[in-house]
Amino acid sequence: MTTQGIAGNQESGAWPETEVENGTIPIENGELFYEAAGTGPEGPSVVLLHGGMLDQRMWDEQFAWLVHSGLRTVRYDARGHGLSSTVDGDYANHEDLRELLDHLGIADAILVGLSHGARVALDMALTHPDRVFALALASPGISGRAFTDPFVLEHIKEQVAAVEAAEEDSAERYIEHFLRMWVDGPHREPSAVDPVLRERMRASADANVVVHAGGMGAGMPIEVGAYERLAEIRVPTLVLDGDLDCSDISANAHAITLAVPGAQRVRIPGAAHMVNLENTPHFDHALHAFLSGLPY
């Protein structure tokens with residue numbers, strides 16, 4: 001375990017530097033890299049779960065203000081992502097998360113997940129409900145529900161073709177289709193997206209492909225089929241989705257809001273899938289309001 005400093009900033013000024021703990025924890029057939037900061041009051045910690053093909057750095061902006069809001073905050077790289085182990089056999093992301101909570105002594109957590117991270121958070125809430133205090137689900141994926149949007153299906157088809165072609169530009173093509181699906185979205189061309197954001201997401205995806213390509217097809221994630229079990233969830237739940245995202249994600253957000261008792265939905269304007277980075281002020285305001293209203 002090591003420590004480092006973060007500064008972070010907001011429109012109102014720079015955050016004071018804060019010490020960040022980082023290290024790895026053992027899991028079955030590998031290890032997870034994590035960062036944690038903040039002491040916070042007695043009670044649940046906030047755990048940030050990143051999207052697929054990305055890593056924990058996608059939460060840079062939120063990690064800083066959550067810590068300086070007085071909350072113990074953890075973020076980590078899921079198996080097959082970032083600085084964590086490459087996939088080597090079947091695995092369960094929600095059990096990896098449980099191992100992380102056990103290692104860090106977190107009895108119950110507020111899970112804040114985007115896309116694939118939200119998918120894992122839902123599986124965790126169903127398999128280990130005693131470990132989950134609340135859910136904030138951004139651009140949510142749901143295990144047990146297949147993609148149906150023609151825009152998404154076409155780009156997945158092109159990704160498969162790029163892999164099968166095994167050509168010099170296959171990785172570049174694979175990543176570009178990822179960006180088209182999950183950064184640009186179906187309602188705009190790449191030229192309409194902030195080029196800084198697009199390049200940031202490209203760099204993260206490229207790093208994951210370079211490091212973890214060997215794990216592609218090496219194992220399958222074990223999931224719980226959350227789509228048919230959403231009504232079992234009994235914790236405060238916030239759903240956030242962008243008005244420029246694909247119809248599958250909008251349908252997921254709608255399904256969660258209908259099925260989970262008391263769930264709130266906030267539509268993020270001017271954003272596709274990466275809602276925390278495309279309209280950060282709106283996202284942060286909604287998340288802060290939700291966290292402030294929880295019965296700690």
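Predicted model: local features only at pLDDT ≥ 70, side-chain atom pairs only at ≥ 80, totals over all residues.
Reader: Is S85 buried or exposed?

Author: Buried means under 20% relative accessible area, exposed over 50%, and partly exposed in between (1.4 Å probe, protein chains only). S85 has 17%, so it counts as buried.

Reader: And which residues does S85 touch?

Author: Contact means heavy atoms within 4.5 Å. Leaving aside residues up to four places away in sequence, S85 touches G30, E31, R79, G80 and H212. With E31 there's a polar contact, meaning a pair of N or O atoms within 3.5 Å; within protein, one must be able to donate a hydrogen and the other to accept it, and residues adjacent in sequence count only if both atoms are side-chain atoms. Here a polar atom of the S85 side chain lies 2.8 Å from the backbone nitrogen of E31.

Reader: How do I read a helix? Which residues of α6 are buried?

Author: In α6 (residues 195–212), the buried ones are L197, R198, M201, S204, A205, N208, V209 and H212. Seen down the helix axis, they fall within an arc of 135°, so they line one face of α6. That arc is taken from the directions from the helix axis to the C-beta atoms. On the other side of α6, P195, V196, V210 and V211 are exposed.

Reader: What covers the buried residues of α6?

Author: The cover includes α5 and α8 (275–278). At the N-terminal end, D194 caps α6, with a side-chain oxygen 3.0 Å from the backbone nitrogen of V196.

Reader: What about nonpolar cores?

Author: In soluble globular proteins, nonpolar side chains tend to be buried together. A nonpolar core is a set of buried Ala, Val, Leu, Ile, Met, Phe, Trp, Tyr and Cys residues joined through side-chain atoms within 4.5 Å. The largest one here has 49 residues, and I110, V112, M201, M274 and L291 touch the most other members. Helix α5 (residues 170–184) gives the largest share of this core, 7 residues. A second, separate core of 37 residues includes I25, A121, A226 and V239.

Reader: Which residues does P140 touch?

Author: Not counting residues up to four places away in sequence, P140 touches S115, A118, V239, L240, I249, N252, A253 and I256. P140 lies in the loop between β9 (132–138) and α4 (150–165), and is buried, at 0% relative accessible area. P140 and S250 are 110 residues apart in sequence but 8.5 Å apart in space, C-alpha to C-alpha.

Reader: How should I read phi?

Author: Most residues other than glycine have a negative phi, and most peptide bonds are trans. S139, which is not a glycine, has a positive phi of about 40°. S139 is in the loop between β9 and α4 and is buried at 0% relative accessibility. M53 isn't a glycine either, yet has a positive phi of about 70°.

Technical notes
Residues numbered from 1 in each chain as written. Heavy atoms only, no water. Helix = DSSP H or I, 4+ residues; strand = E, 2+ residues; numbered from the N terminus. Expected span 1.5 Å × (residues − 1).
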